[in-house]
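This report covers an annotated site, a ligand shell and a nonpolar core.

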Amino acid sequence: MAGASGYAGGEILRLLLAHPQFDIGAVTAASSAGERLGGVHPHLVPLADRVLEPTTVETLAGHDVVFLALPHGHSGALAAQLPDDVVVIDCGADFRLESEAAWTAFYDTAYAGSWPYGLPELPGPAGSVQRERLSGATRIAVPGCYPTGISLALAPGFAAGLLEARDVVVVAASGTSGAGKSLKPHLLGSEVMGSMSPYGVGGGHRHTPEIEQNLSRAAGEPVTVSFTPTLAPMPRGILATCTARLREGTDLSSVRAAWEAAYADEPFVHVLPEGSWPATASVVGSNHVQLQVAVDERLGRVVVVSAIDNLTKGTAGAAVQCANLALGLEETLGLPNAGVAP
Ligand SMILES: NC(=O)C1=CN([C@@H]2O[C@H](COP(=O)(O)OP(=O)(O)OC[C@H]3O[C@@H](n4cnc5c(N)ncnc54)[C@H](OP(=O)(O)O)[C@@H]3O)[C@@H](O)[C@H]2O)C=CC1
Ligand SMILES: CC(=O)N[C@@H](CCC(=O)OP(=O)(O)O)C(=O)O
């Protein structure tokens with residue numbers, strides 16, 4: 001586990017502790033190398049006396065599966081030196097985008113290429129689903145947290161041909177752990193508590209091309225998205241409100257039918273019963289995604305709300321789910337099936 005001292009790495013370790021088929025090997029870090037894991041993640045009691053090692057190819061070699069939870073730009077060089085038959089699951093953005101032009105427009109490191117995209121439930125064209133590309137893969141790029149909730153919310157409508165490809169608008173609120181654990185002035189408690197604030201406004205957030213890539217694949221034509229993230233005063237969770245224009249003649253019953261059909265057999269994605277709405281508190285600590293759909297008949301728009309835990313389904317849960325698929329294990333193995341409340 002590389003990046004074990006970070007938020008995503010800590011969550012992957014929490015899930016692996018409950019996984020019946022994994023033994024945890026080396027745990028690595030950067031500035032925390034040499035420290036006890038219990039010092040940085042006191043909640044991971046069974047691993048408290050493990051010592052964090054430096055993140056090098058030598059410490060990661062010899063494992064069947066390597067999880068990378070490093071800052072952007074650090075995964076490519078490490079992965080390139082690991083044998084091809086080692087399963088590498090990368091939580092960073094480095095291998096998510098298929099378009100070099102999109103990467104260059106939103107990131108300041110060199111384009112590294114793309115790996116199979118680790119969102120198994122993502123509906124594609126003609127009844128396809130992303131999981132088909134993940135079984136047996138040895139390199140998988142875990143999605144960003146916002147793209148997970150937003151893509152799952154809207155893709156069924158595009159795959160079913162119910163939505164127009166323009167004028168898609170998304171506003172999403174994230175808990176502060178989405179930004180990682182390093183010190184950032186805008187994340188100080190006194191700045192965040194009791195306040196919500198937007199950032200990346202005006203189409204500048206780097207998750208925009210990732211969301212567009214996913215929805216364009218589902219639609220079979222280019223989809224453009226206006227995406228505005230906001231920061232919410234909570235440690236975990238993302239609530240995304242996504243709206244798009246319905247094609248002429250599409251009503252609520254055909255919308256519900258399309259979304260329910262897309263996720264009918266999915267263990268982790270749930271279209272809630274009519275009248276119930278997703279809430280971050282309902283999914284914290286679990287690998288579940290909650291969705292609800294509505295139709296604004298006056299404006300001819302669909303409104304889809306999704307809730308995920310950014311650290312579980314939004315990162316670590318997806319990483320373990322993808323590792324299960326890569327290894328041919330049961331996809332749900334070791335993943336938290338119930339959240340914590342209140
Ligand atoms: N937080 C979230 O909700 C999500 C995160 N991700 C992605 O997961 C990855 C990790 O994020 P997160 O855990 O939040 O970040 P954190 O800042 O919490 O952790 C970063 C980790 O990377 C290590 N690290 C820092 N610099 C280097 C370096 N130069 N070389 C090797 N290791 C280094 C840190 O070690 P040390 O502490 O010892 O310096 C730490 O273990 C990122 O790519 C992020 O985008 C993806 C989806 C959601
Ligand atoms: C609240 C917050 O700051 N969230 C992060 C998203 C975290 C994530 O999923 O992103 P990557 O893996 O793509 O870095 C952000 O907006 O940059």
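Where does UniProt place the feature "active site"? The unreviewed entry puts this feature at C145; UniProt positions follow the numbering used here, feature names are shortened, and annotations may be inferred rather than shown by experiment.

## Basis

This is a predicted model, in which local features need pLDDT of at least 70, side-chain atom pairs count only at pLDDT 80 or more, and totals for chains, interfaces and linings use all residues. Residues are numbered from 1 along each chain as its sequence is written, while chains are lettered from A and ligands numbered from 1 in the order in which they are written.

## Surroundings of C145

C145 belongs to helix α6 (residues 145–159); helices are DSSP runs of H or I with at least four residues, numbered from the N terminus. C145 counts as buried because it has 29 C-beta neighbours inside 10 Å (buried: 20 or more other C-beta atoms within 10 Å, with C-beta atoms placed from the backbone).

Beyond four places in sequence, its contacts (C-beta atoms within 7 Å) are S174, G178, I238, N310, G314 and T315.

## Ligand 1

The shell around ligand 1 has 31 residues, with G6, A29, S32, G92 and G180 coming nearest (C-beta atom within 6 Å of the molecule). α1 (7–17) and α10 (312–327) each give two or more residues.

Ligand 1 lies between domain 1 (7–143 + 312–327) and domain 2 (145–308), because both give residues to its shell; the domain bounds come from an automatic or database domain assignment.

## Nonpolar core

The largest nonpolar core has 94 residues, and I12, L154, A240, A319 and C322 touch the most other members (a core joins buried Ala, Val, Leu, Ile, Met, Phe, Trp, Tyr and Cys residues through C-beta atoms within 7 Å). α6 gives the most to this core, with 9 residues.

How values were computed: Buried ≥ 20, exposed ≤ 12 C-beta atoms within 10 Å, placed from the backbone. Contact = placed C-beta atoms within 7 Å.
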